[in-house]
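Have the structure open and turn it as you read.

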Amino acid sequence: MNRKIVVALGGNAILSKDASAEAQQKALKETAKYLVEFVKNGDQLIISHGNGPQVGNLLLQQAAGSTKENPAMPLDTAVAMTQGSIGFWMQNALDEALAEAGIKKQVATVVTQVIVDEYDEAFKRPTKPIGPFYSKKEVIDVRLKNPNLTFVEDAGRGFRRVVPSPQPIDVKESTVVNTMVDNDIIPIAVGGGGVPVIKDGNKLVGKEAVIDKDFASEKLAELVNADLLIILTAVDNIFINFNKPDQKKLTDVNVKELKQYISENQFAKGSMLPKVEAAINFVDKTNQKAVVTSLENIINFIKDGEGTIISKDGR
């Protein structure tokens with residue numbers, strides 16, 4: 001079909017409970033098998049991914065081993081490090097899946113810088129969860145060693161560290177990504193939301209923050225003139241009244257309806273809300289469509305359009 005598609009992978013496509021390299025590589029092998037279906041369909045693929053658990057774990061590892069002679073790296077650098085490690089695993093997984101499908105394509109990771117506003121209010125209010133879940137007792141223990149860290153309860157699943165999450169303004173390497181697509185290369189970009197940077201004259205300076213992966217993916221999709229933004233999550237569809245007796249699956253929905261549901265607080269702030277908001281942003285700015293569905297539902301989406309399809313005015 002030759003559509004240019006940005007696919008934003010949820011964290012469950014990379015890491016569940018086992019944080020070992022082997023477990024994450026295994027998960028990405030399964031993920032790659034689904035993503036190759038887009039290539040088989042004739043689509044031009046651009047892949048983005050989250051890194052919340054990975055960057056949080058990396059920061060903990062660094063803090064545990066930090067010394068004056070070998071200090072821990074700042075958060076922006078940790079984001080770049082996880083872009084590289086996850087990109088390495090994903091490239092290998094996709095190379096293998098493409099070879100098994102008899103498809104000759106190159107895959108490459110772009111260490112991506114995402115420009116933010118240094119005066120963004122988010123820097124005053126940390127909200128973005130990173131790293132593992134903790135019990136209340138574990139939080140107390142962690143804060144004894146790291147008193148400057150901020151923790152909040154995350155969707156009833158425990159406590160997580162939160163950091164500033166500014167809105168993306170621009171993607172420094174968006175032209176590079178487009179050039180790769182034009183040359184039949186599958187880019188992996190804005191991993192973990194990209195490395196947050198601000199402009200300082202002729203240079204870019206990293207900031208202690210994590211950009212939401214869905215918003216960064218939307219901004220990239222907008223800048224590369226993507227035909228479709230697909231945000232993958234743990235469920236096949238967006239629901240209203242989720243997990244209630246009267247829950248309702250959304251299939252074809254327009255932006256106006258979704259904005260109404262947001263005003264009714266239908267979507268959880270730490271999970272579905274940013275996905276819905278990113279989808280709305282893309283549709284509003286490009287007049288193209290966005291999709292929210294699960295990794296496992298990709299084949300059904302390609303064949304039958306299953307999932308939640310978001311458009312300007314509905315089909």
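What follows goes from the overall fold to single residues and their charged partners.

**The chain as a whole**

This is a predicted model, in which local features need pLDDT of at least 70 and side-chain atom pairs count only at pLDDT 80 or more, while totals for chains, interfaces and linings use all residues. Residues are numbered from 1 along each chain as its sequence is written, and side-chain values use heavy atoms, with hydrogens and water left out.

The protein chain has nine helices and 17 strands; these are DSSP runs numbered from the N terminus, with helices (H or I) of at least four residues and strands (E) of at least two. The radius of gyration is 19 Å, close to the 20 Å that the globule rule gives for 315 residues, so the chain is as compact as a globular protein of that length. Here the radius is taken over C-alpha atoms, and the globule rule is 2.2 Å times the number of residues to the power 0.38. Along the principal axes, the C-alpha atoms fill a box of roughly 55 × 45 × 40 Å.

Of the 315 residues, 50% count as buried. Buried means under 20% relative accessible area, exposed means over 50%, and partly exposed is in between (1.4 Å probe, protein chains only). Among contacts with a separation of 6 or more, 75% join residues 24 or more positions apart; a contact means heavy atoms within 4.5 Å.

**Helix α7 and its buried side**

Take a look at helix α7, residues 255-263, where Val255, Leu258 and Tyr261 are buried. They cover an arc of only 120° around the axis, which puts them on the same side of α7. That arc is the one of the directions from the helix axis to the C-beta atoms. The buried residues of α7 pack against β13 (238-240), β14 (248-250), β15 (252-254), α8 (272-286) and β17 (308-311).

The N-terminal end of α7 is capped by Asn254, with a side-chain oxygen 3.1 Å from the backbone nitrogen of Lys256. After α7 comes Asn265, whose phi is positive, near 60°.

**A buried arginine and its neighbour**

Next, find Arg161 in strand β7 (residues 159-163). Arg161 is buried yet has no salt bridge, and Glu208, the nearest side chain of opposite charge, is 5.2 Å away. A salt bridge is a side-chain nitrogen of Lys or Arg within 4 Å of a carboxyl oxygen of Asp or Glu. For charge, Lys and Arg count as positive and Asp and Glu as negative, while His and the chain ends are not counted. Beyond four places in sequence, Arg161 touches residues including Leu59, Lys128, Ile130 and Phe151.

Ile130 sits in strand β5 (residues 128-134) and counts as buried at 1% relative accessibility. Although Ile130 and Arg161 are 31 residues apart along the chain, their C-alpha atoms are separated by 5.7 Å. Among the other residues that Ile130 touches are Gly52, Val55, Val163 and Val210.

**Charged pairs**

The structure holds 14 salt bridges, and the table shows some of them.

| Pair | N to O distance |
|---|---|
| Glu30 and Lys33 | 3.4 Å |
| Glu37 and Lys40 | 3.3 Å |
| Asp214 and Lys213 | 2.8 Å |

Glu30 and Lys33 both lie in helix α1 (residues 21-40), three residues apart, about one turn of the helix. Glu30 is partly exposed, with a relative accessible area of 41%, and Lys33 is partly exposed at 45%. Glu37 and Lys40 also both lie in α1, three residues apart, and Lys40 is exposed at 52%.

Asp214 and Lys213, in turn, are both buried. Lys213, Asp214 and Lys275 are linked in a network of salt bridges.

**Two loop residues**

Lys105 lies in the loop between α3 (75-100) and β3 (106-109). Its side chain makes a polar contact with the side chain of Asp184 (2.3 Å). A polar contact is a pair of N or O atoms within 3.5 Å; within protein, one must be able to donate a hydrogen and the other to accept it, and residues adjacent in sequence count only if both atoms are side-chain atoms.

Gly201 is in the loop between β10 (195-200) and β11 (203-206) and counts as exposed at 69% relative accessibility.
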